[in-house]
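Welcome! Here is a short tour for someone seeing this structure for the first time. Have a look at the model, and then we will walk through some of its parts.

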Amino acid sequence: MSTNTTSLEQFYYDNKIVRNFSIATIVWGVVGMLVGVIIATQLFEPAANLTQYGTFGRLRPLHTNAVIFAFVGNAIFTGVYYSIQRLLKARMYSDFLSNFHFWAWQLIIVAAAITLPLGMTTTHEYAELEWPIDIAITIVWLAFGINMFGTIFKRRERHLYVAIWFYISTFITVAVLHLANSVELPISFFKSYYVYAGVQDALVQWWYGHNAVAFFLTTPYLGLMYYYLPKMANRPVYSYRLSILHFWALIFIYIWAGPHHLLYSSLPEWAQSLGVVFSIMLIAPSWGGMINGLLTLRGAWDQVRENTILKFMVVGITSYGMATFEGPMLSLRNINAIAHFTDWIVAHVHVGALGWNGFLSFAILYWLIPRIFQTAIYSEKLVKTHFWIGTIGIAFYVIPMYISGFTQGMMWKQFTAEGTLQYGNFLDTTLQLLPMHMMRALGGALYLTGAILMAYNLFKTMSKGSLLADEKAEAAPLAIIEEKHESDGHWHRWIEKRPIQLLVGSLIMILVGSVIEIIPTFMVKSNVPTIESVKPYTSLELEGRDIYIREGCVSCHSQLVRPFRSETERYGEFSKAGEFVYDHPFLWGSKRTGPDLHREGGKYPDSWHYHHMREPSSMSPGSIMPNYAWLLEQKLNTSQTQDKLEAMKKLGVPYSTQEISDAVKDLKIQAKTIQANLASEKIKVSEDKEIIALIAYLQRLGTDISKK
Amino acid sequence: MFKQFISKMPGAENYLIFSLLTFFTFFVLVGLYLIWMDKNHLEKMASMPLNQENSQDKNSNQ
């Protein structure tokens, strides 16, 4: 068809939805970072743990969820909703779906902010929200997908720019990850147990955890980088070829690397090794993205000197390069042996979070808001101040954390000439790190200050401009363009203009790695040697375990003794896969702010635990653990005990019918024994308090294998 | 450590070989894909974010 017969269609880009997501990004960003500063303070000042709803254990998941899903999530949607309309030359498919997506996502965040401090958690990191919220997330994510694909189908641009490839792979992979890691059996409206147990649960969780970083914090941001960096620098991306190569390589390789979170655990060694090999290979596609980003600015570095938005981008992309080099290094066994469970991992994560996600989000907001509000930024000076205060904040955050992590890892492993542990008391290592934790909190506070300056600056910009809610544009309809592609014979174009093929291709890429790594979890089950002496928890211990879950003890205490002499000397026998077969969910943890607890059972008398929970520093002078005095006052709720045992039975835990029907009766008998133990040490407490259940659980931990 | 699982894992080598082959095949395909791409098309794709303001020109100049 001849081009001169082409009739242009007029349409309007929806900027209102972009504005809404921008505001949510700013507000939740400040909230999430504020919670971060609070929990950073709690790690050197236990008095900052206010009430049972504000302890580190309960606030830490609130921080991670707020910054990942509220701040970064809304930033992704801001960037995607703006760019996808323009790249496809079409308004979003449905205004209703856009608004539904926006409001429902904010409601989910509010639900998280309420339920997590209340102790309603599944404990799976970055997936702590309970099952009704999981269902809501699924629905909202689907709405986002329908809206995105609806827009793609009605587009006026035949080819899909690489940014959209990244958005599509993000959509499909996050959906798969979320579904697979949310298979729970509900007990009540806000309590459930994962269907997987022990080693299997750990592998599914870290397959999710690792790939949530990949497909929520990385791929959408690479898509955003490929759209916004050329716009900001007014030059095309350095190499489109490289962008395609690293897209396919990244989504293919990333999914395999999950097991590097489980080195030296009960996972089969070959699966661990596969995780390490793919982690090392990840450097190539990750650096492909970084190099492509930085080289886009070749010949434009004079702009970087003048343009603060580009400065944010450069620091962000460089942080991405640093974090993606460090990640594979951390997956090497010898480095992992030192770094795992320490602040090193916290440093690593924050190079990515503060540098890559944070700075790219800030840059996009600074670029975008003046445009949709048809005005200039309120204060260029404040943008510059934000950049410098943010950069200094990152340095103050991560450098002390690297020092802290390395110090911690080395101190745990230090032996004296006589062959005993140099720092046998775990607390000695914790106290050594307090100055580093103070500096980290300062770094976080600086970064937060920068974000507050940005919020002020952007809200001022919004108030001085006026929102161009519906931005007029025009383009030829796709049907007309479609008829003129006779020269496009290459098969790659076949995929570039067909979103469904891209979706299916991405799905296959991620499923290959997933299937090969998930299958072993089922194989492991048949290979885990049954340890005959390992029995299910008693009803009282199970209730105690749920208190342990509610209080977020897993945020600071691992339950996985690795097979190192330094660990077996400190904690006892290393952990065996067969010991976790009844653990729904697994509670291995990922950080040791306090000592490992897998061999805690029988180490101290009941009275020690009672005093320790009431006031930790009374038993461990200088301890930074908060007081859990409410456990001594609150009555244990046994109304669901029987249901919990029944649910566990459905999941394969061999409780007898008798055990289930007598659950509460047995619980009371065991509680009376503990009460009597405490009474013999002059502690008066009634047997129906929560502390009794928690003591029962702690005293059971890791003791089964030593039973004859 | 945990050698008992590895030794009892049936067909562990097959998993490794399959993984390697998948990886190798995949990269050969992507390599060919990139070699066959023509430069004009790449340039057009790369400049896509910059050309939105005059989208009608871009479409009509195919």
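This is a predicted model: local features need pLDDT of at least 70, side-chain atom pairs count only at pLDDT 80 or more; totals for chains, interfaces and linings use all residues.

## A hairpin in chain A

Strands β2(A) and β3(A) form a hairpin with 2 residues between them; helices (H or I, at least four residues) and strands (E, at least two) are DSSP runs, numbered from the N terminus. β2(A) covers residues 184–188, and its pairing with β3(A) is antiparallel, over 4 bridges (strands pair if DSSP finds at least two bridges between them). Across the pair, Pro186(A) sits opposite Ser192(A) of β3(A).

β3(A) itself takes in residues 191–194. Lys191(A) and Tyr193(A) point one way, Ser192(A) and Tyr194(A) point the other way, and all are buried. Buried here means that 20 or more other C-beta atoms lie within 10 Å of a residue's own, with exposed at 12 or fewer, partly exposed in between, and C-beta atoms placed from the backbone.

Residues are numbered from 1 along each chain as its sequence is written, while chains are lettered from A and ligands numbered from 1 in the order in which they are written.

The pLDDT is the predictor's confidence in each residue, from 0 to 100. Chain A has a mean pLDDT of 91, and 95% of its residues reach 70 or more. Over residues 1–5 of chain A, however, the pLDDT is below 50, and this stretch has 4 contacts beyond near neighbours in sequence (a contact means C-beta atoms, placed from the backbone, within 7 Å).

Helix α5(A), residues 162–180, reaches 27 Å between its first and last C-alpha, close to the 27 Å expected (1.5 Å times one less than the number of residues). Because 14 of its 19 residues are buried, α5(A) is largely enclosed by the rest of the structure.

## Chain B

Chain B has 4 helices and 0 strands. Of its 62 residues, 11% count as buried.

Definitions and conventions. Two residues are in contact if their C-beta atoms, placed from the backbone, lie within 7 Å.
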